[in-house]
Amino acid sequence: MGYVPDGPYVLNSGDHANESLELLALNDLGFLEQQLGIRRKKDKGKKEVSEITKHLEWELEILKNVKPTAICPICESRTVRYFMIQTIGEYTRTDENHMCCLGCRDKLLEKAQFENPTLIPLAFPAMKRFYRYNYKKRRLIPGPTIKKIKKIFKKAFGIEKVNRKTMFEWLKKESRPITLSRFSIDLEGIQQVIRY
Ligand SMILES: [Zn+2]
């Protein structure tokens with residue numbers, strides 16, 4: 001088994017000073033990805049990879065693969081895989097009851113009240129759809145819908161309390177070796193954004 005940190009990593013400077021890398025999984029995924037790029041560059045030519053690089057690699061790998069655990073509110077038997085958004089002009093309508101498993105996608109879409117419902121995979125990389133590129137910061141920053149999306153992800157992934165400790169424990173629980181079959185299923189889930 002690879003690297004597993006002992007505890008949360010708290011930043012001591014920058015945009016997110018005094019926040020932990022674990023909390024940023026929900027709050028600012030774009031920042032974590034940008035940091036990994038920056039840290040890897042800084043590590044180049046050094047004998048040892050820095051602690052923060054290892055921590056970021058560990059965390060982002062888990063976030064790429066972690067699966068939701070909530071039960072589908074429609075069939076009440078399988079775990080959820082998608083959530084529905086409806087876009088009306090600039091406004092994105094969604095809530096934590098608009099989730100479904102693989103088999104209930106049509107039933108969920110039938111509940112749509114507007115013409116263009118879209119199903120989004122419940123996978124952390126899909127969160128980036130709700131981010132906007134900020135030229136000044138040179139990275140993706142959370143867009144206006146992110147509060148609602150966070151609520152949905154918390155419910156889908158069984159994250160009850162959000163603090164340094166609980167987020168670290170949740171990530172640690174998910175850090176286990178990734179088998180090849182699990183990995184290929186994940187890729188499919190992430191790439192498959194279904195539009196109707
Ligand atoms: Zn279902």
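Student: Which residues does Met99 touch, not counting residues up to four places away in sequence?

Tutor: Two residues are in contact if their C-beta atoms, placed from the backbone, lie within 7 Å. By that criterion Met99 touches Ala70, Cys72, Pro73, Val80, Tyr82, Phe83, Ile152 and Ala156. Please note that this is a predicted model, in which local features need pLDDT of at least 70, side-chain atom pairs count only at pLDDT 80 or more, and totals for chains, interfaces and linings use all residues. Residues are numbered from 1 along each chain as its sequence is written.

Student: Which residues of the largest nonpolar core touch the most other members?

Tutor: In soluble globular proteins, nonpolar side chains tend to be buried together. A nonpolar core is a set of buried Ala, Val, Leu, Ile, Met, Phe, Trp, Tyr and Cys residues joined through C-beta atoms within 7 Å; buried means that 20 or more other C-beta atoms lie within 10 Å of the residue's own, placed from the backbone. Here the largest core has 37 residues, and Cys72, Val80, Tyr82, Phe83, Met99 and Cys100 touch the most other members. At least two core residues come from each of α1 (24-27), α2 (29-43), β1, β3, β4, α5 (146-156) and α6 (164-174). Over the whole chain of 196 residues, 27% count as buried.

Student: Which strands pair with β1, and in what sense?

Tutor: Helices (H or I, at least four residues) and strands (E, at least two) are DSSP runs, numbered from the N terminus, and two strands pair if DSSP finds at least two bridges between them. Strand β1 (residues 82-88) is joined antiparallel to β3 (residues 99-100) by 2 bridges, with Tyr82 partnered by Cys100. Antiparallel pairing with β4 (residues 117-121) involves 5 bridges, including that of Ile85 with Thr118. With β2 (residues 91-93), β1 pairs in the antiparallel sense over 3 bridges, and Gln86 stands opposite Arg93. Strands β1 and β2 form a hairpin with 2 residues between them, where Gly89 in the turn has a positive phi of about 60°.

Technical notes. Buried ≥ 20, exposed ≤ 12 C-beta atoms within 10 Å, placed from the backbone.
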